[in-house]
Amino acid sequence: VYNAAETIDNCIYSVISQKYHSFEILLIDDGSDDESLYICQEWQMKDPRIRVFHQSNQGASSARNIGIHNAIGKYIQFVDSDDTITEDCLEMIQRIIEEYKEPDIVEYRLNYIGPSGVRNIQGTILEDGLYDRKYLENIFLPAMLQCIEKPEVYYNLFNVLRFIKRDLLLVHGILFNEQIKRWEDMLFAMQVFYYADEMAVTSKALYNYYGHMGGGLGGKYNP
């Protein structure tokens, strides 16, 4: 959370209003100089599932790493403070986790909502289903690295597009590199895919990404 006083309420409300209730929310304030921290603390007092952390401004990677270190849930989802999740997001993810017996990754799509309000769907174009280690190792990762031609595999690597099993991150020491300011999402995601044994995919758009002037995905300011 960084200077998100105008958007953080909508973001948090989209999570606490889910039909699926067994979750925690970690709000990491990254040195905001507006009312963001106060708003987060107000929410913490209203809902015991919410925990608030505060640090001096160190950037998104540092804030996400605090979340990874302090999370206690089985899966982790990253949500930017100016975005929201769809009303059925957690319910749908839970169904997929149960159906595919707790895969390491659950991949979904997002609604990209531009400054004019125009919405289009972005993210994976893989078919719904479960993809095993052999597929990830022999097809998916080489295509991501552009070592082989596989147009249907390539898609956005931003980490708001997936749920990740927390143990996968802890066992392999996967964290965001706090020394880089660009492409940190890609580096983190490639490590996740490298160590994952299974990836479940749904074509449903479960995340609402609000774009800003001059940006598609990746156009947001990272202080």
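User: To begin, where is aspartate 47 found?

Analyst: In this model, which is predicted, aspartate 47 is found in the loop between helix H2 (36–46) and strand S2 (50–55). The C-alpha atom of aspartate 47 is separated by 9.8 Å from that of glutamate 24, and the two residues are 23 residues apart along the chain.

User: Why does aspartate 47 count as buried?

Analyst: Buried means under 20% relative accessible area, and aspartate 47 has a relative accessibility of 11%, so aspartate 47 counts as buried.

User: What makes the count of disulfides come to 0?

Analyst: A disulfide needs a pair of cysteine sulfur atoms within 2.5 Å, whereas the sulfur of cysteine 11 is 9.0 Å from the closest cysteine sulfur, in cysteine 40, which is too far for a bond. Cysteine 40 is likewise in no disulfide, and by this rule the count comes to 0.

User: Are cysteine 11 and cysteine 40 buried or exposed, and how do you know?

Analyst: With a relative accessible area of 6%, cysteine 11 is buried, and cysteine 40, at 0% relative accessibility, counts as buried too, because the cut-off is under 20%.

User: Why are H5 and H7 called roughly antiparallel?

Analyst: The axes of helix H5 (residues 133–144) and helix H7 (residues 184–195) come within 9 Å and cross at roughly 155 degrees; angles over 145 degrees count as roughly antiparallel, and therefore H5 and H7 are described in that way.

User: Which residues meet there?

Analyst: Arg133, Leu136, Phe140, Leu141 and Met144 in H5 meet Met190, Phe193, Tyr194 and Tyr195 in H7, and the residues of this contact divide into 8 nonpolar, no polar and 1 charged.

Definitions and conventions: Residues numbered from 1 in each chain as written. Predicted model: local features only at pLDDT ≥ 70, side-chain atom pairs only at ≥ 80, totals over all residues. Heavy atoms only, no water. Buried < 20%, exposed > 50% of the residue type's maximum accessible area, 1.4 Å probe, protein only. Axes fitted to C-alpha atoms, helices over the stretch in contact; angles between N-to-C directions. Helix = DSSP H or I, 4+ residues; strand = E, 2+ residues; numbered from the N terminus. Parallel < 35°, antiparallel > 145°, perpendicular 65-115°, else oblique. Contact = heavy atoms within 4.5 Å. Nonpolar A, V, L, I, M, F, W, Y, C, P; charged D, E, K, R; others polar.
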